[in-house]
Amino acid sequence: GCEASASIVVDPVVCPCDNQVVNGDFEAGNSGFTSPLNSSCACQGNSYCVTSNARNKCSNSLWQNVLAPNGTGNYMDVDGSVGTIWSQQISVVAGNVYDFCFDYYPNVSGGGTPTLAVAIGGNALGTTSGTNGAWQKVCFNGWTATATGTFALNITQNNAPQYSDYGIDNIEFGTCCELALK
């Protein structure tokens, strides 16, 4: 008789593997994105601060000592209100499947937990209220582009609980190549 064998080696790849977001980790400071909020590292509403610690934005007794998700680096600390808080133009190709992820800390001042929504070109990807008192990686996977072009990728605050103070970091958007065959 004839015998044969074959094997396939599969290496997992973290998604998204072709991240299109520029400065999604905020290490380049206040660049690569737009926001209708004021850029201010002062304790005021309707503003944001790219910082390494929430207390750098507001040092009153309510604001906690919250560092970036990995303990170092910058993140976007928001003292927000209802509306878009972060936006960036992203290119997509019709028929491609995209994933979106970001880290969210919903209450750096011990207040309520704002609900954030993510959309591209007006197409909703998902919403989250995060995990009270902790950073959480939030992902909305499997969005298929229906048109080719450049569209606004937006993170929007949907509600305004008392003290809408939160952090976002490590924003990623791209196609996912979950399995790479060798």
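1. Let me start with Gln88. Leaving aside neighbours within four places in sequence, Gln88 is in contact with Gln20, Val21, Val22, Gly32, Phe33, Phe151, Ala152 and Leu153; contact here means heavy atoms within 4.5 Å. A caveat before going on: this is a predicted model, with local features needing pLDDT of at least 70 and side-chain atom pairs counting only at pLDDT 80 or more, while totals for chains, interfaces and linings use all residues. Residues are numbered from 1 along each chain as its sequence is written, and side-chain values use heavy atoms, with hydrogens and water left out.

2. Is Gln88 buried or exposed? Gln88 is buried, at a relative accessible area of 7% (buried is under 20%, exposed over 50%, partly exposed in between, with a 1.4 Å probe and protein chains only). Its side chain reaches two backbone atoms: the nitrogen of Val22 at 2.7 Å and the oxygen of Gly32 at 2.4 Å.

3. Now the strand around it. Gln88 lies in strand S5 (strands are DSSP runs of E, at least two residues, numbered from the N terminus). S5 pairs with S10 in the antiparallel sense over nine bridges, pairing being called when DSSP finds at least two bridges between two strands. Which residue of S10 is the bridge partner of Gln88? That is Leu153, which also turns up in the contact list of Gln88.

4. Beyond its neighbours within four places in sequence, Ile168 is in contact with residues including Phe26, Tyr75, Met76, Ile85, Trp86, Phe102 and Ile155.

5. Last, the open sheet. Six strands make it up, in the order S2-S3-S4-S11-S6-S9, with mixed pairing. The edge strands, each pairing on one side only, are S2 (38–39) and S9. S6 and S9 pair in the antiparallel sense over seven bridges, and Phe102 stands opposite Val138 in S9.

Key:
Helices (H or I, at least four residues) and strands (E, at least two) are DSSP runs, numbered from the N terminus. A polar contact is a pair of N or O atoms within 3.5 Å; within protein, one must be able to donate a hydrogen and the other to accept it, and residues adjacent in sequence count only if both atoms are side-chain atoms.
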